[in-house]
Amino acid sequence: MKVLIVAEHLNGKLEDITFEMLGKAKELGTAEVALLGHNAKDMAAQLGKADTVIYMDSPELAQFNPDTYGKALKAIVEARQPDIVLIGNTSMGMDLAAALSVDMNMPLVAYAVDVAPDKVVSSLYGGKMNVESAVSTPFIASVLAGAFPADAGRGEGSPAIEEMAAPDLGGAKVRFKQLIEPEGGDVDITQQPILVSVGRGIQNEDNLPMAEELAGKLGGAVSASRPIIDNKWLPKTRQVGKSGLKVKPKLYLALGISGAPEHIEGMKDADLIIAVNTDPKAPIFDYAHYGTTVDLFDLVPALTSKL
Amino acid sequence: MNIIVLIKQVPDLVEELEIDSSGKDLDREWLKYKVNEFDDHALEEALLLKEDQGGSVIAMALDGQDVDKALYAAAAKGADRVVKVTGVGENPSNHQAAKAFANAISGMDYDLIFTGVQSVEDRDGQLPVLVAHYLGLPHVSVVSGVQVEGGKAVVHKEYGGGMMAELEVDLPAVLGIQAARETPRYVPVARVRRAMRGTELEEVSAGDVDASAGSEVARMFKPETGAGAEMLEGSAEEVADKIVGILKEKGIV
Ligand SMILES: Cc1cc2nc3c(=O)[nH]c(=O)nc-3n(C[C@H](O)[C@H](O)[C@H](O)COP(=O)(O)OP(=O)(O)OC[C@H]3O[C@@H](n4cnc5c(N)ncnc54)[C@H](O)[C@@H]3O)c2cc1C
Ligand SMILES: Nc1ncnc2c1ncn2[C@@H]1O[C@H](COP(=O)(O)O)[C@@H](O)[C@H]1O
């Protein structure tokens, strides 16, 4: 089984998803890593677990670009003819996987949490259902972050590095302009020992002080799921999850958060997770150490008064 | 500037999800549907662009569960035209849905196509990129923030950790919208009813949908929850006491 994984990197750093997929690829067979970039060949040294690194260099690949990366990846897949292509179900991967599926007329299974030569399991419906797809090679799977351990993909070794010339990437219809770093916030939630994290269950902005008070009593800060940030009730710097920050506090108290995969990605490694959610089937309970279905509007005042 | 916004009805996850007798799909008989939340953002961003720069917004959906209602709601919010794509059948794969949209859109006059970034049931990949590829257009997904100037869009694509890339895209293009710059507007039911009377719901045939997911669903199952949480039972007071006990035991308070 020949597995090709697409390395993901940002700002010169390989993302965890690369190692997560590499570990899985090694389990399935031989692992080839497609590394696209510009003056980025050094990164191949970190891919010790790979059998081969296919390195493609071009100024047009210096930064992720759906257009140029799409064309480059197509050329690599055409040349290497892998049985399975693994791409992160990430912001970058979302622009690559479906495009490759159409370009190569290859089946694609998304949100993969398990991959075998004849089946892929996807986590759908906000993590509430798994769907197993019967597939046959060649196929593409886009892999959810955190589905496989990154450690399995890290390690010493000296993979063969094969340089492949980039196809013609001129005339791209998408052009990279700049990276925008997040603005520094009032509170760095990645450094807080205790996070009281609020989700859509908090209902409206006027209820936030309740969470602030509890966080104050506990000696921590308030963080939130994405909808709270999109509603502009809290700054982006308080967002936990895929497009927010990854946190690892001593205590993560989740109030009215369902536990969508994009949220879980940011907090599953917290030492102690306590989830408060009125829906007993909420996926957050799969990751929490302790849970309760008591209404947060009853629990939070009770808890605050006891501290 | 003309913007087409694709809208999808998805199961409301607040409801209990059950598996049907085939073991391969949700039991959809009692399922409640709602508009995909990212589509509300896509529509909002389109309406804001129209308000800034003129042009028109066309809301489009595949025929299916409650789509008429969703399209009339889009009209009530300010969409100029609402279009239903017919003849695809129930629960198409995303490859099929994308082909149907591409067929329906190909003869139309547009500058941008907006979709939601993803939905909760896109097993065979996200639709914006599929549509873009079937139409031969550039695409950017996971977009929050769109500016249009001189035949180009400048967009923000979100990465992890609050990092974003600014990309410039030639029009026409397809954008998968994650978040609009404003909270999506709300319309009261009375306005939707009025839109229902005053709006013509256009129908377009999906044509020949020669696309397939390339894989079959073998089974659907509830995720094995591993150890899962130890559930704390009792009244709010009792549960609060138990939590304080746990925090003390772990030396947190
Ligand atoms: C590309 C991409 C990136 C994303 N990045 C992120 C990210 O970084 N972070 C993130 O959080 N999300 C992210 N999301 C969004 C994610 O998919 C979910 O939509 C989001 O996490 C849901 O937030 P929530 O749990 O607060 O809301 P919901 O899913 O609506 O859950 C609310 C919960 O509150 C419970 N509840 C309601 N009332 C009460 C009450 N009175 N007491 C107790 N419980 C109550 C409900 O039972 C429900 O489970 C991303 C999505 C995409 C597509
Ligand atoms: N029937 C449909 N199937 C899939 N996607 C659709 C459909 N109708 C509209 N879309 C659009 O595609 C977006 C992404 O959905 P998905 O690809 O399913 O994650 C949705 O948010 C909609 O904007």
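Start with B:E45. It is buried, at 0% relative accessibility. Its partner is B:R181, and the two side chains meet in a salt bridge at 3.0 Å, N to O. B:R181 counts as partly exposed, at 31%. Keep in mind that this is a predicted model.

Where do B:R181 and B:E45 lie in chain B? B:E45 is in helix α1, residues 37-53. B:R181 is in the loop between β10 (173-179) and α5 (189-198). So the pair ties together parts that are 136 residues apart in sequence.

Next, a network. A:R175, A:K177, B:E168 and B:D170 are joined into one by salt bridges that share partners. Over all chains, a search of the whole structure finds 41 salt bridges.

Buried or exposed, A:D67? Buried: its relative accessible area is 14%, under the 20% cut-off. A:K71 is partly exposed, at 34%.

A:K248 lies in the loop between α5 (226-230) and β15 (251-255), and A:D271 in the loop between α6 (261-267) and β16 (272-276). So this pair ties together parts that are 23 residues apart in sequence. A:K248 is exposed, at 57% relative accessible area. A:D271 is partly exposed, at 48%.

Step back to chain A as a whole. It has eight helices and 17 strands. The radius of gyration is 21 Å, close to the 19 Å from the globule rule for 307 residues, so chain A is as compact as a globular protein of that length. Along the principal axes, the C-alpha trace spans about 65 × 40 × 35 Å.

Burial and contacts next. Of the 307 residues of chain A, 60% count as buried. Take contacts between residues at least 6 apart in sequence: 63% of them join residues at least 24 apart.

Last, surface and charge. The accessible surface of chain A comes to about 11,200 Å², with 47% belonging to carbon and sulfur atoms.

Technical notes:
Residues are numbered from 1 along each chain as its sequence is written. Chains are lettered from A and ligands numbered from 1 in the order in which they are written. This is a predicted model: local features need pLDDT of at least 70, side-chain atom pairs count only at pLDDT 80 or more; totals for chains, interfaces and linings use all residues. Side-chain values use heavy atoms; hydrogens and water are left out. Helices (H or I, at least four residues) and strands (E, at least two) are DSSP runs, numbered from the N terminus. The radius of gyration is taken over C-alpha atoms; the globule rule is 2.2 Å times the number of residues to the power 0.38. Buried means under 20% relative accessible area, exposed over 50%, partly exposed in between (1.4 Å probe, protein chains only). Contact means heavy atoms within 4.5 Å. Accessible areas come from the Shrake-Rupley method with a 1.4 Å probe; for residues, only the protein chains shown count as cover. A salt bridge is a side-chain nitrogen of Lys or Arg within 4 Å of a carboxyl oxygen of Asp or Glu.
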